[in-house]
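Subject: Structure for you to look at

Hello,

Here is the structure I said I would pass on. My notes on what turned up in it follow below.

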Amino acid sequence: MAVFMDLNVGFSAERSRMTSLIETAAHLGFSTVAVNYVFEPTAQKKPEIPTPTPIRELIDPLPVVQGRSRPIRVLNRLTVVMSDSSHFRPNAAEYRGFDLLAVQPTTEKLFHAACMLYDVDIICISVTEKLPFFFKRAPVNGAVDRGVVFEVSYSAAIRDSTRRRYTIANAVSLMESCKGKNVILSSAAEKPLELRGPYDITNLGLLFGLSEAGTKEAVSSTCRSVVLHAETRKSASGIVYTMKSCSESSGQQGAPPDCRSSGQQGALPDCRSSGQQGALPDCRSSGQQGALPDCRSSGQQGAPPDSGEGAPAAKRAKPHLTSD
Amino acid sequence: MFGGLERTPRTLLVCDRSSFLDEKNRLSSQVEQLHFNYKVSMLLPECSSAPSHLEAVLNSIDSFYLIRKLPIHELLDKHFLETAVHQGRVSGLSYGTRIDEDNCVALMPNGHLSLSLDKDSFEVLGVEGKPSRFNQRSNSRFVVSVDLTDSAMAPGGRGYQRLVTGLRSRLQLKTDFLLSHPPGGGASLQALLSRYDWSEHRPEIRSHALKDLSCPLLTSDLQSCDPHRLLEWLGAVDAHVSCENSSSSFLSSLVCPEPKTRMSRALSVSVCGLLRPQDVHRLIQQIRCYLDQPLVENWASLTVHGFVDSPVSWGGEEHGVLKGGDHFYSLLMFHDHTYQLHLAAGAHDTCPP
């Protein structure tokens with residue numbers, strides 16, 4: 001099993017609230033949280049895509065996860081609430097500052113497009129209203145094949161009893177189409193009181209129709225797959241990274257992003273199973289478990305290419321599984 | 001789809017009845033197989049203070065060491081292997097690591113080293129291992145089990161070199177580590193301890209005198225009390241949960257199983273720490289001596305809990321946590337040298353012996 005993650009913690013401008021949210025999450029046992037910036041363009045006004053605040057300004061130092069000896073890892077996430085297909089611009093430059101990209105479709109056409117075409121990591125299922133469309137097997141299976149996950153958030157259920165009904169109803173209908181695969185459960189918490197512990201969410205998943213093992217996966221392994229999938233979006237198929245080094249000469253070594261369309265991202269959780277099983281851990285500087293979190297918490301915005309480690313990027317070397 | 005809501009996660013309960021006087025009783029092997037014990041709690045009815053011999057045994061339980069950020073390749077250090085592991089005297093467990101989230105390490109007294117690793121760590125380490133028995137859809141946890149006393153793992157051999165290189169340069173696994181005190185003094189550990197930040201801890205002993213307790217009528221004949229209800233009641237007493245179920249209290253609706261009687265006083269003693277099977281044996285002997293005295297109540301109970309985050313359970317079998325990782329056994333001893341033993345394990349566990 002992987003560590004427990006909560007990939008949707010609402011962003012608010014007040015620093016004290018964010019600090020207490022992240023501290024509560026660490027106290028409850030979550031090892032990774034993602035601060036969610038919601039971007040909702042409408043026809044009338046066109047707001048700017050928010051830029052993520054550096055983690056250091058939200059909370060410093062990072063609290064240690066209860067029961068373990070590591071500090072919590074904080075990521076940035078953007079959710080685009082789409083009511084029209086022009087709202088989500090693929091490959092927009094502003095998306096690079098975020099670690100995770102999520103989209104919340106409101107019509108059936110947009111849902112189909114999001115599942116099959118859009119380059120996102122998470123598709124949010126709305127829990128505040130009755131779903132205007134039904135889930136069809138075809139787009140859901142397409143999304144599962146691509147490694148995109150569906151997200152059900154539970155804090156609306158804590159706030160309001162009508163939304164509790166919608167949450168359960170929408171979640172159950174999702175589980176019927178996707179058979180419990182590629183689902184994550186997260187809070188969309190705005191206050192620390194709306195967060196629940198990982199084992200409590202495991203029990204909540206049973207109400208949504210997941211099996212016991214499946215619901216534990218929804219809080220741990222599937223979340224890990226999403227984070228890895230998001231990392232591959234920044235690289236070429238997750239094999240070749242570009243990293244800014246101290247000297248300017250190493251520059252770009254990666255293949256152009258188009259090579260991703262050769263379908264190498266595969267079905268998660270084995271997004272690395274294109275044969276290069278050692279590749280991603282190596283990019284984390286010789287297999288140290290803490291490497292990526294460490295380079296994130298050094299105050300960067302959470303994007304791995306800026307780790308400044310000075311090493312050349314194409315670390316395809318040393319697949320450790322070959323027996324000597 | 002909602003049929004699963006009525007079922008609680010799978011648990012296993014093995015009940016065993018025998019007598020201490022019977023030569024074929026398996027109690028000593030069953031106790032011996034649970035290497036890492038976290039807590040032993042005893043309930044002595046009609047007793048207001050601990051008998052002096054029991055107190056002496058409790059105070060003489062060895063202390064244990066907590067080493068901060070021990071690199072695990074140090075457990076394969078030649079000197080440590082020769083002086084501690086090969087003599088079969090030391091056992092240790094990683095501390096502050098969760099079995100379903102992190103990498104956990106256990107060193108058993110018979111020289112087996114068990115590493116329970118998540119997928120990334122296992123792939124980086126590059127040593128042969130098996131997927132965990134409790135993996136569901138995808139293999140996310142792997143177990144590497146190494147016999148350090150085997151000739152293939154002798155220092156300098158290929159298997160040994162590969163594991164040491166893996167732990168030293170590829171994976172660099174470092175955890176806080178609890179190490180038991182070897183019999184005959186800690187001199188063999190001094191070399192290891194001197195290199196790292198360590199502290200010595202004594203097991204914590206807590207004693208609670210209970211008054212006016214309702215308890216089930218326990219006799220040594222068959223089926224005097226349903227095991228589930230009995231274990232629930234013993235747990236409630238140990239956790240100081242009231243079993244009165246009064247209408248004014250909403251905290252607990254646990255009740256004492258029928259038929260029941262009332263005891264004017266009882267003593268609940270618990271000791272927590274890294275306890276070894278030998279310590280448990282000595283405590284069992286002391287309680288048997290206590291029960292031999294003519295003026296006491298008919299029975300006494302002793303419950304031993306294993307570590308929730310230990311990678312191994314009885315006999316080195318794999319242990320995991322689904323929702324809870326309790327594995328424990330409860331021994332109910334009677335005046336006439338008979339006993340009832342209940343061994344319980346959770347969902348991600350093999351059957352107790």
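I begin with a helix in chain B: helix H2 (residues 52-59) lies across strand S2 (37-45), S11 and S12 of that chain, and runs at about 175° to S2(B). Helix H8 (residues 277-292) of chain B packs on the sheet as well, touching S2, S12, strand S13 (299-306) and strand S14 (328-334) of chain B. The direction of H8(B) makes about 5° with that of S2(B). Please keep in mind that this is a predicted model.

The sheet in chain B is an open one of 7 strands, in the order S1-S15-S14-S13-S2-S12-S11, with antiparallel pairing. Its edges are strand S1 (12-19) and strand S11 (204-216) of chain B; each has a single partner strand, so one side of each is left without a neighbour in the sheet. On average, neighbouring strands of this sheet are turned by 15° against each other, direction ignored.

Another strand to look at is S8 (residues 141-147) of chain B. Of its 7 residues, 5 are buried, so S8(B) is largely enclosed by the rest of the structure. S8(B) runs antiparallel to strand S6 (residues 112-118) of chain B, and 7 bridges join them. One contact to find on screen is Asp118(B), whose bridge partner in S8(B) is Arg141(B). S8(B) also pairs with strand S7 (residues 130-131) of chain B, in the antiparallel sense and over 2 bridges. There, Lys130(B) stands opposite Val143(B) in S8(B).

Now the cysteines. How many disulfides does the structure hold over all chains? The count is 0. Cys178(A) is in no disulfide, and the nearest cysteine sulfur to it, that of Cys115(A), is 10 Å away. Cys178(A) has 3% relative accessibility and therefore counts as buried, the limit being under 20%.

For Cys104(B), the closest cysteine sulfur is in Cys272(B), at 19 Å, which is too far for a bond, given that a disulfide requires the sulfur atoms to be within 2.5 Å. Cys104(B) also counts as buried, because its relative accessibility is 0%.

Regards

Notes. Residues are numbered from 1 along each chain as its sequence is written. Chains are lettered from A and ligands numbered from 1 in the order in which they are written. This is a predicted model: local features need pLDDT of at least 70, side-chain atom pairs count only at pLDDT 80 or more; totals for chains, interfaces and linings use all residues. Side-chain values use heavy atoms; hydrogens and water are left out. Buried means under 20% relative accessible area, exposed over 50%, partly exposed in between (1.4 Å probe, protein chains only). Helices (H or I, at least four residues) and strands (E, at least two) are DSSP runs, numbered from the N terminus. Two strands pair if DSSP finds at least two bridges between them. Axes are lines fitted to C-alpha atoms, for helices over the stretch in contact, and angles run from 0 to 180 degrees between N-to-C directions. Contact means heavy atoms within 4.5 Å.
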